[in-house]
Amino acid sequence: MPKYLSGFTVIPIAYPSSSHFIYARAHATSKSKTLKPSNVYPEGRTLFLVNVPPDATERELILLFKHCGTVEHVLFDFNSVDALAEHASDSDEEMAEGAASENLDTEARPRKKRKLQTSEPTPPEVIPLPSTSLRTLHKTGSCAHLIFLDSSSLAKALSPPTSPKPWPSSEEPRGLSHYLAKYDNERPPLDTVRAHADSFMERFEFDLSKSKQEAKYRKGEAIMDEDGFTLVTRGGAYGQTLGGGVGVASKKFMLTGKTGSRRKKEKKKEKDVFYAFQKAEKQRKAMLDLKKNFEADKERVEKLKESRRFKPY
């Protein structure tokens, strides 16, 4: 087996019953990317791997190159580039905010009045379903980037090995055991599912009651507390109140002494026909009424004809 292939260092991997080959080279930055490659893949410290095993984990790759040096990050298939860039930008923002806060502390600034903290009910916690640490399966022939702490570690990783390296074992199940663990994880016990559903419904009802209370404040309805008392608040200058509280008299009431006319809400008519059998019964009754009225009209016509006949004797 050659030590180098198309600019890549060939790294043979030995499994208990098979073998595998990983190809490595130093990462080369491209100028066409919008993100700064120095922030994501630092030059001289990033190792580019091709044909990574589909079930490889970050810990296994760190253990595989542990003899070369300390590994800072492991990125698979360019999926974690945005996350790493966001993490770097967030750290920069935090540092800038910390520096700004220190500058503000040094300057004289007026003291703000402390607001009274109102005790709000704590929302109930949702009991999560049990979860086990499983492997994230990648595509066959996937790639990865290893970012070392220094450039000397990268040079050691690019040196061709003299013998196949044994693949490090980890706690996560592999092969058939992985799918068996995934099958058991997707089917938790009934008691656990019941506890999760009950806690979820308690949280849902808590959020629903909170949203209803906020909606009542917006609509201007009276709000009752836990003891049954109506919450009273002072409204605006034109009688607009919050929560059905006490409001200031409007200008019209102060001039005329009369309140504005309120339109009575029309009561919603209940539907007589809702089900299909009710509709069919109503149509059948209408047909019978039509037949009955038709027979009555025929009798009335016959009586009129008889009354108009000429009877000389």
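A residue is called buried at under 20% relative accessible area, exposed at over 50% and partly exposed in between, with a 1.4 Å probe and protein chains only. This is a predicted model, in which local features need pLDDT of at least 70 and side-chain atom pairs count only at pLDDT 80 or more, while totals for chains, interfaces and linings use all residues. Residues are numbered from 1 along each chain as its sequence is written, and side-chain values use heavy atoms, with hydrogens and water left out.

The chain has eight helices and seven strands, taken as DSSP runs (H or I of at least four residues for helices, E of at least two for strands) and numbered from the N terminus. Of its 313 residues, 18% are buried.

The largest nonpolar core, with 21 residues, is a set of buried Ala, Val, Leu, Ile, Met, Phe, Trp, Tyr and Cys residues joined through side-chain atoms within 4.5 Å. Among the residues with the most contacts inside this core are Leu47, Phe65 and Phe148. Phe148 touches, among others, Leu47, Phe65, Val71 and Leu154, not counting residues up to four places away in sequence, where contact means heavy atoms within 4.5 Å.

The structure also holds three aromatic pairs, defined by ring centres of Phe, Tyr or Trp (its six-membered ring) within 6.5 Å, with planes under 30 degrees apart stacked, over 60 edge-to-face and the rest tilted. Because the planes of Phe8 and Phe48 lie at 50 degrees, with ring centres 6.4 Å apart, this pair is tilted. It links strand S2, which holds Phe8, to strand S4, which holds Phe48, 40 residues apart. Phe8 is buried, at a relative accessible area of 19%, and Phe48 is buried at 13%.
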